[in-house]
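Here is a short briefing for a first look. Please keep the sequence and the model side by side while reading.

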Amino acid sequence: MRTSINRPPTPEPEDDREQQPTFQETINIKLIESGEKERLKELLRERLIECGWKDEMKALCRAYVRKKGRNNVSVDDLVQVITPKGRASVPDSVKAELLQRIRSFLASTAI
C-alpha cells in the first residue's frame, strides 16, 4: 500500500480483487444450499437429547446459578462457563455419526 501524509492509503490493484471462498466455506455453502446443514443440526439435537447430554448441561447451569446466586449470573457468564464443558462432554458416538453423515454428503456432492 502506498501512503501519503495528507490522504489515506491507496490500496494496491490486487487488493481489490474478490477472494475465492476457502474449501471450508465452500463446504458450508453447499451444506446450507442443500438443506443438509439443518438436517445435521436436527440430528445432533435428537442424539444429544437421547443420550442425556441436554439434561446434563441443564443441571450444570442450575448448579452454577445456585452457587453464584440468581442475581449475580448473566447469560454470558453461563455460556462462558458451560461451553467448554458441553463441548468436551459430547459423546464420541454422536461425533462419529455426524462426521460419517458429513463424509457421505461430501462424497455424493461434487466439490
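This is a predicted model: local features need pLDDT of at least 70, side-chain atom pairs count only at pLDDT 80 or more; totals for chains, interfaces and linings use all residues.

**Helix H4**
- At Ile-82, H4 bends by about 40 degrees. A proline, Pro-84, follows within four residues.
- Leu-78, Ile-82 and Gly-86 are buried in H4.
- Helix H3 (53-68) is included in what covers the buried residues of H4.

**Salt bridge between Glu-36 and Arg-101**
- Seven salt bridges are found in the structure.
- One of them pairs Glu-36 with Arg-101, with the closest N and O atoms 3.5 Å apart.
- Glu-36 sits in helix H2 (residues 36-50) and Arg-101 in helix H5 (residues 92-108), so this pair ties together parts that are 65 residues apart in sequence.
- Glu-36 is buried, at 9% relative accessible area. Arg-101 is partly exposed, at 32%.

**Network around Arg-47**
- A network of salt bridges links Glu-46, Arg-47, Glu-50 and Glu-97.
- Arg-47 meets Glu-50 at 3.5 Å, N to O. These two are three residues apart in helix H2, so about one helical turn separates them.
- Arg-47 also meets Glu-97 in a salt bridge, at 2.9 Å, N to O. That pair links distant parts of the chain, with Arg-47 in helix H2 and Glu-97 in helix H5, 50 residues apart.
- Arg-47 is partly exposed at 23% relative accessible area, and Glu-97 is partly exposed at 27%. Glu-50 counts as exposed, at 58%.

Note on methods. Residues are numbered from 1 along each chain as its sequence is written. Side-chain values use heavy atoms; hydrogens and water are left out. The bend at a residue is the angle between axes fitted to the seven residues ending there and the seven starting there. Buried means under 20% relative accessible area, exposed over 50%, partly exposed in between (1.4 Å probe, protein chains only). Contact means heavy atoms within 4.5 Å. A salt bridge is a side-chain nitrogen of Lys or Arg within 4 Å of a carboxyl oxygen of Asp or Glu.
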